[in-house]
Amino acid sequence: MLELRNVVKSYEGKPLLTDISFTVAEGETICLLGASGSGKSTILRMIAGLDFPDRGAILLNNLDLAGTPPHLRDFGLVFQDYGLFPHLNVFDNIAFGLKMKGFKHEGHEVHKGEIKKRVHEMLELVNLTGFDSRQVTDLSGGEQQRVALARALAPSPRLLMFDEPLGALDRSLKEDLLNEIRGILHQTKIPAIYVTHDQEEAFTIADRILVLHEGTIIRDGTPSEIWKDPQSAFVAKLLGIGNVIEGEVVEMQNVKTEFGVFALDCNKHVGEKIQLLVQQSSSPSRRGARGEGEAQIQLTVEDVLFKRDQFQIKGRGGLVIHMQEAPRIGDVITVQVQVKCLS
Amino acid sequence: MSFLPTLAGKTRSFLSANSRILLWVPTLLFLFSFFFFPLFKILALTFNLETFTDLNNLRITFHSLRFTFYQATLSTLLTFALGLPAALLFSKFNFRGKTLLRALTAVPFMLPTVVVAAAFNSLFGQRGFFFLLSSFLSTTFHFPLSTNFVLHPSPFILILIAHTFYNTSIVIRIVGNAISRLDPKLEASARVLGADTFHVWKDVILPILRPSLLAAALLVFMFDFTSFGVILLLGGSQFATLEVEIYIRALQLPNLNLAALLSVIQLIFTLIFSILYSRTINQVSTQTAPRFSPTRPAKTLTERIFVFALSLLLVTFFFLPLISLPIRSLTRLEADRGQRAEVQYGFTTDYYEELFINRRGSLFYVPPVQAALNSLGFAGITVILSLALGYPAAYALAKPTRLEKFLDPFLMLPLGASAVMMGLGFILAFGRLIASPFFIPIAHTLIALPFVIRTLQPALASIPERLRQAASTLGASPLRVWQTVDFPILSRATLSAATFAFTVSLGEFGATLLITRPEYPTIPIAISRFLSQPGGLNYGQAMAMATVLMLLTTLSILLIEKLRFNNAGEL
């Protein structure tokens, strides 16, 4: 189990990470989500041993890694732009880690035959059988990333790290490769940290999502937990969950917005401005027995977009909902929504 | 001139095939009479029974070839010993004064050999600062002079140091570029995959840098291999490299068969090195990332010491000779004429004043300043000649036909021949005719022409047809189009090419030394003669003239750099 304990790191004199603590359990894939420049990559570099925390500790199975140089940590790292060795072919790139392992434990030199067998297993795993002697510079972006993945997997690392691995690829390739990575992680049971700024990737691959904002983890939960309750406007916006609207507390249990007054207790004083999450609820609960935050709102349709199997409707005030049938622009429709307080 | 029909605003069709051939006539005629004909003469003399039957010829050839390889290898090693850390310094770290220091290391590469030789002489020569200091130390404190290795290096060491002074910037440029293009993720990947520092270098960094290291080594080795002026002026003719031996066998101990044989061997090696170089330099681009990784300030103590010590060393090494030369040219360190007993020290402008006086018994029949006037005259003719010949060829090469692409390497071939070899070719081909001073600018033009064509050609090719079309649809007359579109781009390139030809001619030493007559000395010839004569006044005049030449060259370099910069900004 990997654990980060109160890690602090500044970059060029400015605080970058103020207090980072989290754990990665055996076989778990966590996704580190944050805007660019939020310090996600720095966290990976510190775990890999390529950078050092100013304060705090990084532990593997309760052992502090501070004194362990990167080449003795047995971790795998996959970069956005692959970082393949341009002077080596596909086989030698994948074999690199295995050969280094051989050098490390003298006397237990890894046999050439073993290396060959392992590289071929890896090539098969990432669907590149027969690519052995190809030059990495001649491969497509997707193929290069598969090689990088195979290279990281080959020495059976204790932890795999992905730094925006699909950022440079186009959309369809991205989905394919993402599913493959997911499959491989499930199959190999190697714990993994996956860094991205793309919420779709995060929801697809993560057992648990950590949202990084202003130097600290502001949300930690499974994808469904976070989808149901993003807690803050920042997380809702970053993950594209529902609509975030402005409101004002008018009475103890009532919040006034441009879409009407909702019965909500947000633990705020009268007159305070707050932000609310408006999620479309597909199945309205039983008539008459409305739960907390359930409401109906009237929406004037301003724009209708065709989105594969449904229509995306943009309404007054920028509210976005989805429907199976397309209304006409200018229609007033009634929408069942779930409203929540955000911090 | 015949290529002015750009006025018509058409690209290809304005010249018929016949008139396109006309573009080539002057340049090819020139090269055939002054390069290929002399080359043919050299070859004819080489492959002659007499050349090979004389065992002495073969022995001398073997010895000078061995010594050339020996000194070039040592020089290259020394250049790398300084150049590699410097390349690392410039590509990895940020520090105050970095741009200036980098520019300083690049200055020697452009300086004429006589200036570099004079500059080193002003430090280490018999009348140089360090030599005087070491004799002072040995007489005052009884330091043994022979052990005073640093202040008084042997001529051979001095040659190696001067070569290092010249070529370090090549290593900095080629290897430094490659280092700064190294993707830092490669090192990170290797470390995470289990490579320690040793294996990171052995298995990742060095293999990726290999083509750049090899390219830099080949280029440095080639320059050291063909070095002439530095070796002759700092070492003397006992340091018989191929080049020096050619010179000796052409003029001092005439044996033209041997000189021709040595030239051909020299040419073969230069061509081999050039081919190997262009092959390796092509690999450089494919193996490194297209962008630069950022530099950073030194962080750890080791890094700080490295940056500080190395930049101090570089400043000393590159600035000391450059500043010592002008200072020495204004310093009196010996007894006055006729007053041998009393040594006077201090500031003097005598050496400069003496340049204007035609003394009886002086080295020339004319006042030394005449050498400067000759040089300027020759340089002027070189500029006109190389532009007149370079323009039509560059124009044809800007949009070449298949046949013309085939001709291109022939235009560049003179680059492979050494200056001394050209001089020898002139002697063999034209015999007594070379008494005419006009052969000097012709030789200079041969050397400058490839560069002039390579400067003009991209500028001519870069003028986009769309620009001309846009200008004419906006109502510009053909003349206005030429004025507003063609002229501004071409004028820069032309000025740049002209300055280059001018600089080459001013500093050219090897070819001029072989074909010059005593009545028409150039600045470099005058400097070399002053240096080879005894007497403080002669020495001082060498310093003064070398200082003038250094200033002229530096100004020209600055002009070229400025023009290139503006040009790049606009295109």
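In which sense, left-handed or right-handed, does α4(B) pass α13(B)? The points below take this up, then turn to chain A. The model is predicted.

1. Handedness. The crossing of α4(B) past α13(B) is left-handed.

2. Helix geometry. In chain B, helix α4 covers residues 98–110 and helix α13 covers residues 301–329. Their axes come within 10 Å and cross at roughly 45 degrees. That angle makes α4(B) oblique to α13(B), because angles under 35 degrees count as roughly parallel and those from 65 to 115 as roughly perpendicular.

3. Contact residues. On the α4(B) side, the contact is formed by B:Leu101, B:Leu104, B:Thr105, B:Val107 and B:Pro108. They meet B:Ser311, B:Leu314, B:Val315, B:Phe318, B:Phe319 and B:Leu322 of α13(B). By class, the contact of α4(B) with α13(B) holds nine nonpolar and two polar residues. It has no charged residues.

4. In chain A, strand β1 (residues 2–11) runs antiparallel to strand β4 (residues 55–60). Five bridges join them. In this region, A:Glu3 stands opposite A:Leu59 of β4(A).

5. Strands β4 and β5. Strand β5 of chain A spans residues 63–64. Its pairing with β4(A) is antiparallel, over two bridges. A:Leu60 has A:Leu63, in β5(A), as its bridge partner.

6. The hairpin turn. Two residues lie between the strands in the hairpin of β4(A) and β5(A). There, A:Asn61 takes a positive phi near 50 degrees.

Terms used. Residues are numbered from 1 along each chain as its sequence is written. Chains are lettered from A and ligands numbered from 1 in the order in which they are written. This is a predicted model: local features need pLDDT of at least 70, side-chain atom pairs count only at pLDDT 80 or more; totals for chains, interfaces and linings use all residues. Axes are lines fitted to C-alpha atoms, for helices over the stretch in contact, and angles run from 0 to 180 degrees between N-to-C directions. Helices (H or I, at least four residues) and strands (E, at least two) are DSSP runs, numbered from the N terminus. Angles under 35 degrees count as roughly parallel, over 145 as roughly antiparallel, 65 to 115 as roughly perpendicular and the rest as oblique. A crossing is left-handed if the near helix is turned anticlockwise from the far one by less than a right angle, and right-handed if clockwise. Two residues are in contact if their C-beta atoms, placed from the backbone, lie within 7 Å. Ala, Val, Leu, Ile, Met, Phe, Trp, Tyr, Cys and Pro count as nonpolar, Asp, Glu, Lys and Arg as charged, and the others, Gly among them, as polar. Two strands pair if DSSP finds at least two bridges between them.
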